[in-house]
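Have a look at the sequence and the model, then read on.

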Amino acid sequence: MINFGYTIWILLLPFLMFLLLGLAGHKLKPKLSGLLGTAGLGIITVLSYITAYKYFFTSEKVDGAYQKIIALNGVWLQLTENLHIDIGILLDPISVMMLIVVTTVSFMVHIYSIGYMHGEKGFERFFAFLSLFSFSMLGLVVATNIFQMYIFWELVGVSSYLLIGFYYTKPSAVRASKKAFIVTRFADMGFLIGILILSFNTKTFDFISLTSLTGPAITQTGGAAFMGLSVLTWSMIFVYMGGVGKSAMFPFHIWLPDAMEGPTPVSALIHAATMVVAGVYLVARMFPIYSLAAPDALNVVAYVGAFSSLLAAVIACTQTDIKRVLAFSTMSQIGYMMLALGVSGYGGHDGLGYMASMFHLFTHAMFKALLFLGAGAIIHAVHSNHMTEMGGLRKYLPITHATFLIACLTIAGIPPLSGFFSKDEILTAALHHNKLLFAVEYAVAGLTAFYMFRLYFSIFWGKETHYHHTPHEAPALMTIPLIILAIGSVFAGFIPFSKLVTSDGMPFESHIEMSVAVPSVLIGLIGIGIAFIMYRKETAIPDRLAAAFKYSYKWSYNKFYVDEAYIFITKNIIFRYISTPIAWFDRHIIDGTMNSIAFVAQLVSFRIRGFQSGQLQKYGFVFVTGAISLAILLIYLWK
Amino acid sequence: MITGVPVQYFLILATLMFFAGVYGFLTRRNLITMLMATELILNSVNINFMAFNRYLYPQKMEGMFFSLFVIAVAASEAAVAIAIIINIYRRFATINVEDVNQMKF
């Protein structure tokens with residue numbers, strides 16, 4: 001047995017760094033606090049890689065399967081004999097993989113931020129929040145029980161809120177941070193309900209006993225049914241609701257585009273690579289229950305994922321803010337991961353979708369972080385978010401251009417870049433399970449290639465824009481992370497994921513299925529080709545197409561009016577017909593009862609206060625009269 | 001020992017003294033006079049104690065002890081009361097109880 005006790009430092013170090021930078025940051029030089037935060041993250045990155053190496057290559061396997069290892073566990077709250085909330089560290093293939101993803105991307109973002117945030121007000125605050133986020137995210141991925149996960153789940157929500165609202169003097173950023181927090185919080189209410197139902201029926205919070213094949217969750221699937229689904233299925237659907245909120249799936253996706261108000265490194269770290277995949281991770285964590293005991297809930301996962309990915313891809317085609325395009329692209333890719341989980345079976349080669357989802361999560365983290373950091377470099381050079389104000393930047397930003405192109409090719413699924421492998425596995429899994437979902441994802445693959453290259457050509461080719469200041473390449477602190485992530489995006493596809501991360505821990509052989517791979521590459525190339533024709537040079541085609549499909553263009557440009565629908569439902573229906581009567585009831589009935597009691601008491605006391613006159617002899621008279629009356633009463637009348 | 005005097009005489013005397021004290025306490029406006037009325041009440045109680053002790057339980061002495069206690073307490077109480085009255089006089093320049101009515105609603 002290998003001792004994994006040191007993994008506690010992976011959690012403690014960023015937390016201590018948060019305390020240090022948060023409490024004493026303003027006394028340090030900004031540069032020093034940035035370096036401290038980055039160094040702390042560097043250490044835990046190294047620790048995570050050591051952990052991954054030890055876990056995957058030296059830990060003991062039972063029957064060839066990777067085991068779940070509890071590195072540390074302590075009771076945090078002992079509620080009753082059986083019911084207790086623990087805090088601990090659980091190592092299994094997905095949590096170790098997530099450690100790698102989170103620390104790698106976070107470390108890159110830290111380095112990048114030293115350059116990107118240079119000279120900003122609140123530099124050390126930024127790094128303190130980044131450390132807080134890293135701590136929360138790492139605590140989330142290594143959670144040993146669902147309640148610990150929930151605690152850290154809320155903590156990442158808070159860090160996300162703090163970082164989106166980093167420019168707190170900007171009203172739009174404040175609005176966006178509130179929106180993100182409220183929308184995800186609303187979804188988390190479902191998560192909490194799900195946890196409570198689930199643990200009430202299984203009498204445990206612990207992941208290992210929950211997902212154990214002989215555990216209560218999987219063996220006792222019976223129980224009262226509601227609307228044709230078992231209680232367990234309902235609880236899993238509620239748990240998934242939390243994942244829908246965090247991972248920006250339809251219908252809770254509305255916060256993600258607005259979250260782009262935050263600094264770009266934050267978008268890369270939180271809203272592309274790590275926090276938003278927490279929903280996928282949650283489903284993967286509970287996967288045995290979904291797959292073996294609640295297949296209906298798993299279908300919900302698949303369909304929500306597929307619909308969200310299609311919706312987001314369509315919207316991404318018409319957006320002009322480059323960060324928003326990337327945000328919708330993130331949503332679309334997470335939809336892919338959800339779908340892959342939804343079509344997966346449990347165990348062995350049936351678990352292809354599960355493996356593909358985790359694989360895509362891994363590669364997506366690399367190339368999406370790269371895209372965002374590249375976008376940050378572009379924004380840094382041009383001082384604008386809008387692609388209409390860009391064009392021909394390839395001459396000015398050679399390194400950004402090269403890495404951005406690699407990332408675009410990766411996401412479009414061009415071999416031999418990593419996106420090709422993971423997307424191919426997802427499409428294969430979907431094809432074996434459900435032809436409709438496969439068709440949707442196939443179309444989304446083409447759309448992805450199109451909108452990414454629309455972005456690429458509009459920024460780096462297209463019309464020759466005249467800039468006020470000649471754009472210049474970002475400093476080395478920003479380009480080095482780009483290069484490292486680009487290398488990651490290129491080679492991550494060759495990691496033999498099916499040997500390492502599988503649904504039951506057993507490695508299996510996976511291979512590229514030509515009947516899926518060839519058409520998916522083809523549709524990717526078609527998408528790139530269309531984008532090339534439309535945006536390589538400034539042409540009238542996009543405007544003509546927009547005019548020809550006026551309504552669909554308008555709907556897509558306005559994000560299918562989902563935000564407006566939310567506003568309508570909340571303002572015109574909920575506020576008017578539910579909140580207003582409740583407020584009236586509260587003000588008039590509840591407050592009214594209390595106020596009238598107080599009013600009566602006051603009225604009576606005004607009437608009788610004259611008795612307390614301050615005249616000693618009056619009191620004496622009353623006292624003597626009372627005493628005599630009582631004496632008469634008790635002696636003569638009380639028989 | 002006063003022979004031939006029935007206990008009722010003592011009780012009537014005590015009752016008269018008691019109600020005279022109560023009346024004085026309630027009608028006199030001068031604080032010193034009120035204090036004197038209080039002493040009258042206390043002494044009427046003392047007479048009761050002594051009379052009952054003498055006539056009902058002549059071999060016991062609890063009634064006398066009580067009377068002694070009451071006298072001692074009345075003396076100290078008079079000291080405290082006079083101190084309060086002096087303070088009132090210093091503060092309000094009066095010892096008329098009707099003018100000392102600050103403690104009201």
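What follows covers the chain as a whole and then its cavities.

This is a predicted model, where local features need pLDDT of at least 70, side-chain atom pairs count only at pLDDT 80 or more, and totals for chains, interfaces and linings use all residues. Residues are numbered from 1 along each chain as its sequence is written, chains are lettered from A in the order in which they are written, and side-chain values use heavy atoms, with hydrogens and water left out.

**The chain overall**
- Chain A has 26 helices and four strands, counted as DSSP runs (H or I, at least four residues, for helices; E, at least two, for strands).
- Along the principal axes, the C-alpha atoms of chain A fill a box of roughly 115 × 65 × 55 Å.
- Out of 639 residues in chain A, 56% count as buried, meaning under 20% relative accessible area with a 1.4 Å probe, protein chains only.

**Cavities**
- You'll find three cavities of 30 Å³ or more here; a cavity is a set of points on a 1 Å grid over the protein atoms alone where a 1.4 Å probe fits but cannot get out.
- The largest cavity holds about 50 Å³ of space, a volume being the space filled by probe spheres set on the points.
- Its lining residues (an atom within 4 Å of a point) include A:T7, A:I10, A:I89 and A:V142.
- Both α1 (8-24) and β2 (84-91) of chain A supply at least two residues each to the lining of the largest cavity.

Note on methods: 1 Å grid on protein atoms, 1.4 Å probe; cavity = no way out; pocket = protein on both sides within 12 Å on 5 of 7 lines; lining within 4 Å. Buried < 20%, exposed > 50% of the residue type's maximum accessible area, 1.4 Å probe, protein only.
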